[in-house]
Amino acid sequence: MNPSCFLRPGLVAGLWLGASLCGLGPGARVQAAGTAVAVAEAADSAPARTARASRPAARMATPRSAAVVPGGAPATESLPSLPVRCIDEDRAADGEPRPGASASASEQAAQAGATAEPRQLLLQMVQDALARSHAVGASRLLADAARADQEQAEASRKPQASLVASVAPALIHTSSSSGAQLQAQVGVQFSQVLYDGGRIDRTVDWRQQQAESARLGMLTVQEQLTLAVTSLALERSRYRMQAVIYGHNVRKMACLVQALEGITTLDKGRMSELVQARKQQQQAELSQAQAVSQSRQVEARLRRLVGDGLPGTEGFASLLMAVPELPELLAGAERTSDIAALDAGAAAARELARLNETANRPQLSWNVGTSAALVRGTGAAHSGGLSAGVQLSIPLLSPTTDPGIRAARQRAEAATLQRADALESKRQRLVDTWEQSSHAFDRVRRVSGVLRDSERLRNYTLQQWQQLGRRSLFDVLSAESEHYNLRVQYVNALHDGQQMNATLLSLGSGLANWLQ
C-alpha cells in the first residue's frame, strides 16, 4: 500500500499533501512523505517560515489554521488519523488501464476478444424477438394467405364438378284433376373452361405477384425488427458504459471530498474548495443516475421485444466497427427486400390491368350433366336425363369495363413511380448514413487523441496542485470533469458509429444476413 495515500497525524504540513494525494494516479504521487517532513522541519524557526513563505509549494502545504505551541512547533497531538486509500478509478489495482477507460476502438476490440460471442448473443436476441413478434406472425399469415390465393387461381383451370339436389312440395290443378305432389330432383354436372381469352392466366400471374410481394413484405418486417433489437442492444451498451464512467467520477470526487473534509477541520478558509468538490460529486451522481435510468428504459423496451433474461453487454462495443463500402451499398440497394416488394407490387398492378382487359373477350367451356326426378302424389312419375355440350359466352355491352381498365393502368404506373421514388430515397439515405458513420468513427479517433492529452493534463494539474501549489483545486476539478466528459464523448461517438453501421447494413445487404 502506498504511504502517500495516507493522512498522517504526526505531520500538520503533510496533512494537506496526504489528503490531496488521496485518489490520485500513481504518476502524481512522488515522495509526498519526504516533502511533508521537510516542510515540517522548516516550520521550527521563524527565518525558516519566512523563507518558506516565498516558496509556492510551502505556502500551499501549510494549513492557514494550524495551531502553533510555544517554541514554534505545530501542535499535532489532536489531529485525527484518516487512513484512506484512494486509487485512480481509470486503473485497476495493478496499475493497468481499465477496459474502455481511454482506449482506442482497436484497443477496445482487442480487450473484448473475438466478436463471435457477442454476435451470437445478438443473434439469439434477434431470434427470440422474431419468435415473439406479433407483427412477424401477422406478416407470415398474410404471405400464406397470398400463396393460397395463387393456388386457388391455378385450380380454376381444372375440371369442376357439382351436385344439385332439391325437394319441394307442389299443388297441381288441371281441368281433369287437382292435388298435391312432392317433387325431388338430383343431378350432377361437370364443366371445364376451354378458352377464356387468357383470363385465368392473368389471374394466376396477378396472384403470384401478390404472393411474392407479401413474402418480401414479411422479410422487410423481420429486417426492421432485427434493426430495432440491434439498435436497442447498442443503446443499452451505451448507457451502461456511461453509468460506469460516471461511477468512476463519483468515486474520485467522493475520495477528494473525504480528504478535504479532513483539511477543513483545520483550515476553515478552504471551505469553498470542499463545497466545490461536493458540487462536482453531486453533478457526477446526477449524471450517473440519469444514465442508469436511460439504461433501464432501454432494457424495458428490449424486454418487450426479446423477453426476460437479457444477456450482458460485454463485448458489444466491439461489434459493427467496419464501415461498409458505399459503392457496394448503392449497387445492392435495388436487391433489398423492401424495394423488391415494391417491384412485385408494381408487377401485380400491371397484371391486374391485363386481367381487366380480358373481361371483353369471349369464353368457351364444355359441360356434361345428368339428372333424375321423382314425383309422389297426384300424377306420380319419375324421369331421368343426360346432357352434354359446349357453352360460348360473348360480352356485347359492358360500360364498366373501360373505366376499370384505365384505373388499373394508372395504379400500375403509380406503383412504378412509387418504387422509383423509394429507391432514390434509399440511395440518398445510404449516402447520408454512410457520411454520418464515417464522421462518427472519425470522432472516435479524434476524441481518443484528445483523451490521451486530457489524461496527461489532469495528471500534470494534480501534480502542480499537490507539490508546487501552482494550480488551484478548481483547476483540478475542471481537468477531472473535462476528462470524464471526454470519456463519455468517446463512448457516444463509438456507439453512434455502430448504430449508423447497423442502419447501413439494414439498408443494404441486410443486417440479418450479417448476423448469420
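A crossing of two helices is left-handed if the near helix is turned anticlockwise from the far one by less than a right angle, and right-handed if clockwise. Everything below comes from a predicted model, in which local features need pLDDT of at least 70 and side-chain atom pairs count only at pLDDT 80 or more, while totals for chains, interfaces and linings use all residues. Residues are numbered from 1 along each chain as its sequence is written, and side-chain values use heavy atoms, with hydrogens and water left out.

**View 1. Helix α8 packs against helix α9.** Here α8 passes α9 in a left-handed crossing. The axes of α8 and α9 (residues 271-306) come within 7 Å and cross at roughly 160°. That angle makes α8 roughly antiparallel to α9 (under 35 degrees counts as roughly parallel, over 145 as roughly antiparallel, 65 to 115 as roughly perpendicular and the rest as oblique). The contact of α8 with α9 brings together 23 nonpolar, 10 polar and nine charged residues. In this count, Ala, Val, Leu, Ile, Met, Phe, Trp, Tyr, Cys and Pro are nonpolar, Asp, Glu, Lys and Arg are charged, and the others, Gly among them, are polar. Axes are lines fitted to C-alpha atoms, for helices over the stretch in contact, with angles from 0 to 180 degrees between N-to-C directions. Helices (H or I, at least four residues) and strands (E, at least two) are DSSP runs, numbered from the N terminus.

**View 2. Helix α8 also meets helix α11.** The axes of α8 (residues 199-264) and α11 (residues 337-357) come within 8 Å and cross at roughly 160°. As a result, α8 is roughly antiparallel to α11. Take a look at the handedness too: α8 passes α11 in a left-handed crossing. The residues of this contact comprise 10 nonpolar, eight polar and seven charged.

View 3. The structure holds 27 salt bridges, each a side-chain nitrogen of Lys or Arg within 4 Å of a carboxyl oxygen of Asp or Glu. In one of them, the side chains of Arg 207 and Asp 149 meet at 3.7 Å, N to O. Arg 207 sits in α8 and Asp 149 in α7 (residues 134-155), 58 residues apart. Arg 207 is partly exposed, at 22% relative accessible area, and Asp 149 is partly exposed at 27%. Buried means under 20% relative accessible area, exposed over 50%, and partly exposed in between (1.4 Å probe, protein chains only).

View 4. The side chains of Glu 334 and Arg 419 form a salt bridge at 3.4 Å, N to O. Glu 334 lies in the loop between α10 (326-331) and α11, and Arg 419 in α12 (residues 401-468), so the pair ties together parts 85 residues apart in sequence. Glu 334 is partly exposed at 36%, whereas Arg 419 is buried at 18%. The side chains of Lys 426 and Asp 338 meet in another salt bridge, at 3.1 Å, N to O. This pair links α12, which holds Lys 426, to α11, which holds Asp 338, across 88 residues. Lys 426 counts as buried at 6% relative accessibility, while Asp 338 is partly exposed at 28%.

**View 5. Helix α13 is largely enclosed.** Of the 35 residues of α13, 25 are buried, so the helix is largely enclosed by the rest of the structure.
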